[in-house]
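Welcome! Have a look at the sequence and the model, then start with the first exercise.

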Amino acid sequence: MAGGIKKFVVGSFDDEAVLFPAVKNVRKAGYKIHDVYTPFPVHGLDHAMGLRETSIHTAGFIYAITGTTTALTFMSWVFTKDWPLNIGGKPHFALPAWVPITFELTVLFSAVGMVLTFCYLCQLSPFVKKHHFHARATDDLFVMAIECTEKTDDAELQSFLQKAGATEINIQHAETGWWIGRYDREQKLYRDEKGY
Amino acid sequence: MSLLKYESQQREPLVAGNKDYHQVTEDIISPIEMKPSRLWYIGFYISVGLLLFGAYSVYREVTYGIGQWNLNKTIGWGWDITNFVWWVGIGHAGTLISAILLLFRQGWRTGVNRAAEAMTIFAVMCAGQFPIWHMGRVWMAFFVLPYPNSRGPLWVNFNSPLLWDVFAISTYFTVSLLFWYSGLLPDLATVRDRAKTKLRKLLYGVASFGWTGSTKHWQRHESLSLVLAGLSTPLVLSVHTIVSFDFATSIVPGWHTTIFPPYFVAGAVFSGFAMVQTLLIVVRKVMGLQDYITLGHIEAMNKVIVLTGSIVGCAYLTELFIAWYGQNPYEWYAFSQNRANLFSPYGWSYWLMMFCNVVSPQLFWSRKLRRNITVTFFMSIVVNIGMWYERFVIIVTSIYRDFLPSSWSTYYSPSIWEIGFYLGTFGLFFTCFFLFAKYFPVVAVAEIKSILKTSGENYKVKMTDIEKSDSEKFYVDEVEHGH
């Protein structure tokens with residue numbers, strides 16, 4: 001993905017009740033919200049921003065059935081083909097006895113796979129360096145970063161944010177690498193979403 | 001003020017005091033940034049001391065063999081497996097709180113889930129020690145893993161409940177750890193962003209995996225937590241079910257009962273909540289978190305204790321009845337003579353268990369006692385003693401007299417190294433817990449913030465006013481921001 005320095009207008013809000021209408025207005029005015037950083041999951045903000053639903057749970061399901069089939073095929077192969085052991089004269093293909101391990105591996109594959117997928121998608125890893133728009137975004141501020149294009153008038157955008165209720169507004173330059181995320185791509189335009 | 005979700009005014013606030021988001025961060029994170037108190041050091045060194053004694057006990061056992069323990073011909077499982085089951089049981093509360101209560105949308109979980117999950121992980125670590133060191137030739141421990149080997153390959157026995165246990169415990173440990181740590185990421189990022197010293201910035205920066213709080217990340221995080229909760233719910237039930245299979249699939253009188261799985265799970269939750277109470281009553285006091293772990297939280301957990309304690313009591317009586325009703329002389333002998341007969345060698349342990357697990361939790365039918373901290377703390381210890389004796393009764397009283405009276409064993413009491421091993425796991429548990437309480441946010445900061453405006457005391461007061469003054473407007477607000 002293309003790197004390079006990009007310019008952002010960053011507005012901080014101290015109440016999610018102010019943030020919601022602001023997100024709506026900013027999008028209505030045609031600005032491109034890069035992302036909103038919040039100290040806790042604000043329910044409905046993803047919808048307000050026009051983000052699509054995550055499908056991480058589907059990935060979880062796929063990992064789960066991978067675990068189920070791995071466990072079943074492996075145990076069947078071991079006990080019927082590779083080394084059939086006579087255990088108290090019981091059948092070699094002892095399906096009921098394999099239920100516990102099959103279940104455990106289903107859960108294990110699903111959980112580990114989902115967490116790794118989550119870390120990959122969000123680019124989370126111990127030594128990754130990211131640009132943090134505001135240190136208090138993990139404390140008590142809701143930080144909206146708007147990407148500037150060559151057409152954007154910074155001054156106008158800043159006063160727009162001020163009117164929308166942002167308490168602290170500044171301009172920041174950040175390098176956009178693979179790690180900064182390109183979630184704006186999956187945002188639909190406000191008028192497409194609302195049908196006007 | 002936003003009214004994101006309506007919560008009944010009848011409900012007690014989950015966060016007491018006049019808090020805003022920053023205050024929540026301040027209250028929970030600042031103990032991490034301060035030097036630990038003298039009390040912390042004392043507790044920590046005692047724990048490390050116990051851990052060292054445990055390590056020496058294990059060293060003796062490994063060097064000189066299992067003979068260092070007083071296990072004998074019929075009592076092949078004694079304190080070790082008792083302790084194993086006890087610790088695994090304790091390790092059930094955390095996942096129950098974080099997973100099952102998440103699915104049931106219980107808001108009070110937010111105050112206690114982080115510490116309870118940490119406790120779960122440490123308890124499972126302690127539990128794992130017992131079967132591993134009990135192997136005797138512990139350097140062969142990897143034989144329990146099904147890996148291609150040069151002995152055939154001779155695989156493990158997938159039909160054996162002991163192997164199911166290997167899978168169940170290791171899966172449970174892994175999944176609990178992932179669940180706990182993925183929840184910790186945002187809070188570690190909060191610590192990182194407040195850090196003043198370089199070292200702290202670096203360490204918490206590494207630990208928080210570069211979390212930014214992006215909306216998309218939160219969306220995925222929420223989805224991840226929900227699915228992990230959905231997976232952990234059957235998982236937590238399966239773990240103690242499988243532990244109970246260690247006994248229930250055998251033909252030993254007193255063990256081969258079909259009631260074991262549900263009865264073990266209820267017992268596990270019972271003892272787990274007792275341990276959470278023991279720890280949190282101390283933590284909230286020492287770290288000044290009374291506003292986040294309120295009397296309401298303690299009461300809610302006591303309700304779980306009285307429920308699960310009563311389920312366990314029902315199970316005891318059911319198995320006693322069925323032992324008689326089933327008309328199997330060996331089964332009935334195990335129950336009537338080895339256990340219920342107070343004057344048999346281990347009769348005292350059966351009645352001690354009955355008293356601690358069945359009789360004493362009934363105190364918690366009284367609201368006043370449920371909300372009394374001293375009583376709760378005392379009861380949490382009593383319950384843990386009772387639950388330890390439950391496992392002791394199940395294991396020892398079933399096997400000390402087998403089918404051949406001539407091989408009935410002499411009275412079993414543990415050797416100093418058996419006790420030392422047990423104390424050592426306490427050392428391990430508390431060493432980990434002390435480090436956790438010092439270096440990690442013991443209450444889930446982000447989760448508290450997400451319920452603050454619906455369940456915080458100051459917001460609830462304001463909400464009452466709005467509700468009374470202008471119900472029309474309240475409704476509009478609700479629709480506007482309700483999701």
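**Exercise 1.** How many C-beta neighbours inside 10 Å does Trp255(B) have, and does this residue count as buried, exposed or partly exposed?

*Solution.* A word on the setting comes first. This is a predicted model, in which local features need pLDDT of at least 70 and side-chain atom pairs count only at pLDDT 80 or more, while totals for chains, interfaces and linings use all residues. Residues are numbered from 1 along each chain as its sequence is written, and chains are lettered from A and ligands numbered from 1 in the order in which they are written.

Step 1: recall the cut-offs, with C-beta atoms placed from the backbone: buried is 20 or more other C-beta atoms within 10 Å, exposed is 12 or fewer, and partly exposed is in between.
Step 2: Trp255(B) has 19 such neighbours, so it counts as partly exposed.
Step 3: place Trp255(B) in the chain: it sits in the loop between H8 and helix H9 (260-286) of chain B. Helices here are DSSP runs (H or I, at least four residues), numbered from the N terminus.

**Exercise 2.** Which helix gives the most to the side of chain B that touches chain A?

*Solution.* Step 1: count the contacts (C-beta atoms, placed from the backbone, within 7 Å). They join 56 residues of chain B to 60 residues of chain A.
Step 1: H8(B) gives the most to this side of chain B, with 16 residues.

**Exercise 3.** Where does Thr69(A) lie, and how far is its C-alpha atom from that of Thr106(A)?

*Solution.* Step 1: Thr69(A) belongs to helix H3 (residues 56-82) of chain A.
Step 1: with 14 other C-beta atoms within 10 Å, Thr69(A) is partly exposed.
Step 2: the C-alpha atoms of Thr69(A) and Thr106(A) are separated by 8.4 Å, although the two residues are 37 residues apart along the chain.

How values were computed
Helices (H or I, at least four residues) and strands (E, at least two) are DSSP runs, numbered from the N terminus. Two residues are in contact if their C-beta atoms, placed from the backbone, lie within 7 Å.
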